[in-house]
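I opened my notebook beside the model and started looking things up. These are my entries, in the order I made them.

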Amino acid sequence: MIGGGYVGLVSAACFAEFGIEVAVVENSPSRLAALREGRIPIYEPGLDKLVESNMQAGRLSFGDDITAAVKGAEAVFIAVGTPPRNGDGAADMQYVHAAAQQIARALTGYAVIVTKSTVPAGTSRRIAEIIRSTRPDADFDVASNPEFLREGNAIGDFMRPDRVIIGLDKTAPDGGARAEAVMRKVYRPLSLIEAPLLFTTLETSELTKYASNSFLAMKISFINEMASLCEKLGADVHDLAKGMGLDGRIGRKFLHPGPGYGGSCFPKDTLALSRIGQEAGSPCRLVETTVQVNDARKIGMAGRIIAACGGSVEGKTIAVLGLTFKPETDDMREAPSIPILHRLAESGAHIRAFDPVGMEAAKPHLPPTLTYCADALDAANGADALVVLTEWNVFRALAPKAIVDAMKGDVVVDLRNIFDPAAMRAAGLAYQSVGRP
């Protein structure tokens with residue numbers, strides 16, 4: 001497994017749990033040292049125990065010697081970052097291409113080079129070209145195997161997937177049969193539980209990841225727009241979403257209104273698919289609009305908070321519950337809290353915030369004047385207004401009276417709809433939520 005980041009580490013630990021011997025190559029000295037000591041540099045429920053047990057069993061190891069790791073391997077997975085390229089949003093492929101060169105020099109026998117990273121269509125064939133030019137004598141095939149892991153539930157998603165998509169080079173002399181045999185061997189434990197294994201062409205597999213994430217991002221942006229419309233017309237977005245979701249053609253998931261999507265995948269992949277469509281001469285207009293709608297949503301939420309505070313937050317104390325882009329992760333990438341809290345700080349607010357696991361990760365991204373608190377009620381202490389940005393379960397348990405007793409003011413802006421409006425208003429709070437009367 002080339003890369004010990006989120007995707008590489010989760011995938012490696014789960015493959016090891018299958019009984020496969022996995023060597024992870026990580027070139028960051030600090031990250032490698034942490035992994036070797038059993039310290040997990042990311043927050044993902046259950047991952048620490050999975051890594052520890054498989055390290056002790058001798059199935060999972062970490063190092064920086066790619067030659068040693070690749071030697072004798074039947075499959076080599078590339079799980080390095082593909083961040084947005086500055087300026088145009090296209091995926092930056094430098095790390096993938098560098099990994100391909102290193103793998104080529106390290107190959108000692110036949111292996112399938114599998115792209116786990118999210119990459120544009122055509123990447124697997126480009127990897128094959130790099131390997132052939134670096135090592136003309138190399139015996140290998142390429143495959144595409146995108147990940148579909150939700151942060152906070154990644155282990156369950158890997159072990160009990162909706163589907164496993166594997167792209168093969170159907171133009172190879174054997175039609176990809178040799179590579180398919182290796183990939184079926186790797187995923188045999190999932191075949192035994194009848195998880196769907198879908199074999200496609202390389203390009204189809206690569207594009208499916210972008211298409212899936214972009215479609216889910218569109219669902220989120222759609223329900224956010226419906227929430228705004230519900231507020232204008234006096235409708236309830238939760239009942240609306242339920243009415244939509246009960247239609248089997250639509251489904252219930254990703255119909256939860258909020259301050260906009262964030263994280264490591266949706267913002268990056270929608271931008272990348274937009275760029276892919278433009279370069280191919282087939283623009284993805286719905287995806288392009290989704291990006292614009294989401295950016296505007298985040299910015300608009302800060303204005304909403306300011307309006308709830310009477311039109312100004314100058315000199316006021318704002319309590320913030322939740323900083324990460326979603327619960328059960330410490331990931332701050334593209335979190336709605338970033339633009340919202342910067343706008344509030346620029347408008348003169350004093351911000352007191354609490355997040356169960358994300359505060360250290362949040363500090364480099366948020367205003368330096370922000371005060372980090374011990375718990376939710378500590379954040380609410382003396383606040384003029386309270387804002388919910390992430391729907392951690394621990395916040396749902398807060399009693400309205402406890403919030404009233406802690407705060408100086410009475411304004412609550414619940415951007416995740418975790419509280420009961422009637423109970424909050426009965427306690428004397430000026431409560432606002434998203435898309436609900």
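Predicted model: local features only at pLDDT ≥ 70, side-chain atom pairs only at ≥ 80, totals over all residues.

**Entry 1**

Is Phe158 buried or exposed? I looked up its relative accessibility and found 7%. The cut-off for buried is under 20%, so Phe158 counts as buried.

Next I looked up the ring of Phe158. A search of the whole structure gave me 9 aromatic pairs. In one of them, Phe158 is paired with Phe18. I noted a general point first: a pair of aromatic rings is described by the distance of the centres and the angle of the planes. For Phe18 and Phe158, the centres are 5.8 Å apart and the planes stand at 45°. Stacked needs under 30 degrees and edge-to-face needs over 60, so this pair is tilted.

Where do the two partners sit in the chain? I found Phe158 in helix H7, residues 154–159. Phe18 is in the loop between helix H1 (6–17) and strand S1 (22–25).

**Entry 2: Charges over rings**

I then looked for charged groups over aromatic faces. The charged end of Arg178 sits over the ring of Tyr110, and I noted 3.4 Å to the ring centre. Lys363 lies over the face of Tyr372, at 5.4 Å from the ring centre.

**Entry 3: Helix H6 against helix H10**

I turned to two helices that pack together. H6 covers residues 123–134 and H10 covers residues 202–233. Their axes are 8 Å apart, at an angle of about 125°. Roughly perpendicular ends at 115 degrees and roughly antiparallel begins over 145. H6 and H10 are therefore oblique to each other.

Which residues make the contact? From H6 I listed Thr123, Ser124 and Arg125. From H10 I listed Leu202, Glu203 and Glu206. I sorted the contact by class and got 1 nonpolar, 2 polar and 3 charged residues.

I stayed with helix H6 and picked Thr134, which lies in it. Thr134 has a relative accessible area of 27%, so I marked it partly exposed. Leaving aside neighbours within four places in sequence, Thr134 is in contact with Gln101, Ala104 and Arg105. I also looked up Thr134 and Ala100. They are 34 residues apart along the chain, and their C-alpha atoms are separated by 9.1 Å.

**Entry 4: Two glutamates with positive phi**

I looked up backbone angles next. Glu194 has a positive phi of about 60°, although it is not a glycine. I found Glu194 in the loop between helix H9 (188–192) and strand S7 (197–201). Its relative accessibility is 71%, so Glu194 counts as exposed.

Glu334 has a positive phi as well, near 55°. Glu334 is in the loop between strand S8 (317–321) and helix H14 (337–346). I noted a relative accessible area of 45%, which means Glu334 is partly exposed.

**Entry 5: Two prolines in loops**

Pro259 is in the loop between helix H11 (237–245) and helix H12 (266–279). Is Pro259 buried or exposed? I looked it up: the relative accessible area is 0%, so Pro259 is buried. Not counting residues up to four places away in sequence, Pro259 touches Arg297, Lys298, Met301, Pro336, Ile340, Leu389, Leu415 and Arg416.

Pro84 is in the loop between strand S3 (75–78) and helix H5 (94–106). Pro84 is partly exposed, at 36%. Not counting residues up to four places away in sequence, Pro84 touches Gly89, Ala90 and Lys268. I also checked Pro84 and Leu271. They are 187 residues apart along the chain, and their C-alpha atoms are separated by 7.7 Å.

**Entry 6: Leu198**

Leaving aside neighbours within four places in sequence, Leu198 is in contact with Val164, Ile165 and Ile166. Leu198 and Ala361 are 163 residues apart in sequence and 37 Å apart in space, C-alpha to C-alpha.

Conventions. Residues numbered from 1 in each chain as written. Heavy atoms only, no water. Phe/Tyr/Trp six-rings, centres within 6.5 Å; stacked < 30°, edge-to-face > 60°. Helix = DSSP H or I, 4+ residues; strand = E, 2+ residues; numbered from the N terminus. Buried < 20%, exposed > 50% of the residue type's maximum accessible area, 1.4 Å probe, protein only. Lys NZ or Arg CZ within 6 Å of the ring centre and 35° of its normal. Axes fitted to C-alpha atoms, helices over the stretch in contact; angles between N-to-C directions. Parallel < 35°, antiparallel > 145°, perpendicular 65-115°, else oblique. Contact = heavy atoms within 4.5 Å. Nonpolar A, V, L, I, M, F, W, Y, C, P; charged D, E, K, R; others polar.
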